[in-house]
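Hello,

Here is the structure for you to look over. My notes follow below it.

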Amino acid sequence: MLQIKPDFSLRKLNTFQIDVQAACFCEVTSVDELKEALDYQKKQDLPLLVLGSGSNILFTKDFNGLVVKINLKGTKKVKNDATHIYIRVGAGEIWHDFVKFCIANNYAGAENLSLIYGTVGAAPMQNIGAYGVEIKDIFEDLEAMNIETGEIRVFNKEECKFGYRESIFKNELKGQYIITSVTFKLGNKTKKPKLSIAYGDIQKTLLEMRIPAPTIADVSLAVTNIRMSKLPIPAQIGNAGSFFKNPTIKKKVFEKLKKKFDNMPSFPVDDNNVKIPAGWLIEQCDLKGLRVGEAGVHAKQALVLVNYGKAKGQEIKDLADKVQQTVEEKFGITLSMEVNLM
Ligand code: EPU
């Protein structure tokens, strides 16, 4: 039976640990309960907010509506062919638990996405990515509930329109569907895994770990070590990972900027565009490690904004505005937020 709780603190339900209240709150553990929650929300004519583990959201005020926490569990093999295994995972499963399940069973493909906070259902929303791999690379399809009708629809990879931290669920279909499960296509045990270790510090870290012929477990460990060295643990210091996206700019603009800032790093996007690491831009503005009251720019990764304890969401937002403004003034580049603002 669905339990609706009034005046509920969301502090423990967002990794920024911002203390705001929801007018009402419920947790759903089945598709039927989710349907029930949506019926209640419509009947009471309440604004709706769906939460996974709240690892990509910044609350700046109380939410005067119904917050639904998705707690749909389950991990099931659905198909196995010559080279791949297909695993269907409930939207409420913790992403890193799923990665650990893959490593333990020697299913390849998710290892570069180790230690990303959040739930499985939230992951396709913004096509999570790290160290050269995005969820789209191991994605088969997903099931989602239409908020208006309560019907379940299957979306294949093309239909999700994945892009850099983008999907159809953040754009054309924003606010229309709730993801209930995701099916992944992973390399099975018979297939020699094709590892992605060229990106960032993975290779260097594997060498430091004295591992010449890495397995997927080794890659996962290397990624975990890199992330632990740079990124704050939300349970200790509130944060939501990268606060901004890495901006894409025209190659021509980049070449001009390069004349002034000759060590400016870039990654190719296509013939006409390059991506610039936002962390570098922020660091060049001398903002890395800056603390304003209870809000800060993380000292080891400038792309991460942190809550040192009692920050209000607005304090973090003000700091984000300052970062955006300073980067814009120095480089003429506009940073856009990766985190959702509420
Ligand atoms: N850099 C700096 N100073 C900093 C941080 C970064 O100069 O303080 C520069 C360095 O040149 C470094 C480059 O930025 O080589 C890239 O840094 P890093 O490898 O830490 O990755 P990122 O571009 O800052 C992106 C993702 C992360 C993901 C990492 C690793 C985005 C918005 N973020 O960060 O994703 O873990 O790559 O692949 O694309 C997240 O989305 O929450 C997230 C953590």
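**What was found**

Buried residues make up 50% of the 342 residues in the protein (buried means under 20% relative accessible area, with a 1.4 Å probe and protein chains only). This is a predicted model, where local features need pLDDT of at least 70, side-chain atom pairs count only at pLDDT 80 or more, and totals for chains, interfaces and linings use all residues. Residues are numbered from 1 along each chain as its sequence is written, and side-chain values use heavy atoms, without hydrogens and water.

First, the overall build. The protein has 8 helices and 20 strands (DSSP runs: H or I of at least four residues for helices, E of at least two for strands, numbered from the N terminus). Its C-alpha atoms fill a box of roughly 60 × 55 × 35 Å along the principal axes.

Then the polar contacts (pairs of N or O atoms within 3.5 Å). Y164 has a polar side-chain atom 2.7 Å from a ligand oxygen. For R165, the distance from a polar side-chain atom to a ligand oxygen is 2.8 Å. A polar backbone atom of G279 lies 3.5 Å from a ligand nitrogen.

Best wishes

Notes
Polar contact = N/O pair within 3.5 Å; in protein donor to acceptor, adjacent residues only side chain to side chain.
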